[in-house]
Amino acid sequence: MSKKKLPVGIEDFKEIRTEDFYYVDKTSMIRDLLNAWGKVNLFTRPRRFGKSLNMSMLKCFFEIGADGNLFNGLDISKETELCERYMGQFPVISISLKSVNASDYATARAMMCSVIGDEALRFSFLSDSDRLLQEEKILYRQLIMADVTGQSVYAMTDAALTGSLKTLSRLLKKHYGKEVIILIDEYDVPLAKANENGYYEQMVCLMRGMFDQALKSNASLHFAVLTGCLRVSKESIFTGMNNQKIHSVTTVRFDEYFGFTDDEVRQMLHFYENEDKYETVREWYDGYHFGNTDVYCPWDVINYCAELIFDPFVRPQNYWINSSGNDIVRRFIQYSDVGRTRREIESLIAGETVVKEIHEELTYSELYDSIDNIWSVLFTTGYLTLAEKPTDEQYRLMIPNREIRNIFTQQIMTLFRENVQRDGKRLHDFCHALQTGDAAEAERLFTDYLDKTITIRDTFVRKEKKENFYHGILVGILGFKGDWYVKSNEQTGDGYSDILIEIEREDIGMIIEVKYADNAKYTDALTEAFDQIERLDYVNKLRNDDFHTVYKYGIACYKRRCRVQCEKVEFESEK
């Protein structure tokens, strides 16, 4: 019997339910949404945590003409009275603003018109509705009027665009005789892009007008749901709106509906006969804390399970990292020249916690005004999570899992390599010291580099994993020498050396073995490095390639310090 397909990247509830995809049941959210009742409900969660799929689910449930079969066997189907009263009973306006992403305001405005116009076209029957006045039909046509090319570039006036959602909901209410539900997914994307590209105030003005009319002074509105990554300040686009219910990452209600709970992950692994991967999935993708619930990133879990179907030995990957940019971490690390912040980053990557004052409500123009604001952004966007319940505005924060630690270390390494490229003289001096066997000078210069970056004291992983950070720094530095052949983890002798270097024109080869010196036991680490070089005969490849001079290096690192030891070997050359 074939297994259900895994819905990698599919956010359409109907497609998942009709095309035999695996679905993690979140339909109880409908019951809780109705019971909690809010006129305007805002859910803020990190990207890739199921916001768009939940919005699609809501649309499929409430919209007139709903297919009740989509919900057969799901939790909401047990709520018989609620389903009879609400399923398929409302006109629904459903838009996503994730595509409103432009480098200038004019293009962004055109994209907004397109989003609204495309949604309005779903209700083309309004053009001929015998329940609308001729003047009202003209208002509808203003929403769907394309430019002279006939393409879906809608030619709305400023007044028509600002009032578009309110106008459409008013016309739908009059046609159906029922109030309208408005769903707005990724509401904050246009603001983020506007802030990045210098037209923030114009976009704020547009969205403030649209939201004010559609969500505040709209007699045709039954209720609305919005989703986004950040909780944008009321002073920007929600001015004067007092009918919102905010459900953020710290809110207990609805905490289990975005992300996968531990039970849901166990069930999925069992269904695909991958129970033995539970600890791996937990280490890499668990650790987020929303309200009172610990959750996994669903994007990661689904992607990894999908790959396991075809390769049971596949290693977990950084799926969340690769699904979007991580500029926020990069900017944060660039601010980390302040000594305290650098130490806090080290503590986080080492599995420890930091205590910070968090402000969940910011404007996009404030995000990078100070390092304190960036802590808040890292928390609300999922790069950091709660280690325990907050006290007032004091939050104890931690990195949730191995994947997010990878983001921090990768961004640190990227920034380090960029800084290295700007420091040519010291790079030259360090490489010259290695090339001439000057261990003392190499030690001094490498220690200097370590002191200017952030060391990784990763208590979550084995000792050899801690060595990877220092290994990566060395490879980044050595890449500066364009005429050196530098190979990482090259098979040499009976094993794999950390770093092998060949300098053909100088007839010089080098073997570098990097070790992590637990508790600053440098001598023990260096002894281990040279024992490994000798035991696995790493010099063999260089000898076979007829290099005359070979330097064997042991480099032991601990925090921001290192010890370098060198042994020189000379062979008769046939060159």
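**Salt bridges, surface charge and overall build**

At 16% relative accessibility, Arg 109 counts as buried, since the cut-off for that class is under 20%. In this predicted model, its side chain meets that of Asp 158 in a salt bridge, with an N to O distance of 2.8 Å. Arg 109 belongs to helix α5 (residues 105-121) and Asp 158 to helix α7 (residues 158-162), so the pair ties together parts that are 49 residues apart in sequence. Asp 158, for its part, is exposed, with a relative accessibility of 54%.

A second salt bridge joins the side chains of Glu 136 and Arg 170 at 3.8 Å, N to O. Here helix α6 (residues 134-144) supplies Glu 136 and helix α8 (residues 164-176) supplies Arg 170, so parts 34 residues apart in sequence are tied together. Glu 136 is buried at a relative accessible area of 10%, while Arg 170 is partly exposed at 36%.

Lys 541 is partly exposed at 21% relative accessibility, and Glu 502 is buried at 11%. Elsewhere, Lys 59, Glu 63, Glu 119 and Arg 122 are linked in a salt-bridge network. The whole structure holds 35 salt bridges.

Charge also shows on the surface, where Glu 357, Asp 372, Asp 392 and Glu 393 gather in a negative patch. Of these, Glu 357 lies in strand β9 (residues 354-357) and is partly exposed, with 40% relative accessibility. Over the protein chain there are 73 positive and 92 negative side chains, and the centres of the two sets lie 4 Å apart.

Turning to the backbone, Asn 519 has a positive phi, near 55°, without being a glycine. Asn 519 is placed in the loop between β15 (508-516) and α23 (522-535) and is exposed at 58% relative accessible area.

As for the overall build, the protein chain has 24 helices and 17 strands, and its C-alpha trace spans about 100 × 55 × 50 Å along the principal axes. Buried residues make up 55% of the 575 residues. The accessible surface comes to about 24,900 Å², 46% of it belonging to carbon and sulfur atoms.

Technical notes: Residues numbered from 1 in each chain as written. Predicted model: local features only at pLDDT ≥ 70, side-chain atom pairs only at ≥ 80, totals over all residues. Heavy atoms only, no water. Patch = residues over 30% accessible without salt bridge, like charges linked within 9 Å, V, L, I, M, F, W, Y side chains within 5 Å. Areas by Shrake-Rupley, 256 points an atom, 1.4 Å probe, with all protein chains shown as cover. Salt bridge = Lys/Arg side-chain N within 4 Å of Asp/Glu carboxyl O. Lys, Arg positive; Asp, Glu negative; His and termini not counted. Charge placed at Lys NZ, Arg CZ, Asp CG, Glu CD. Helix = DSSP H or I, 4+ residues; strand = E, 2+ residues; numbered from the N terminus. Buried < 20%, exposed > 50% of the residue type's maximum accessible area, 1.4 Å probe, protein only.
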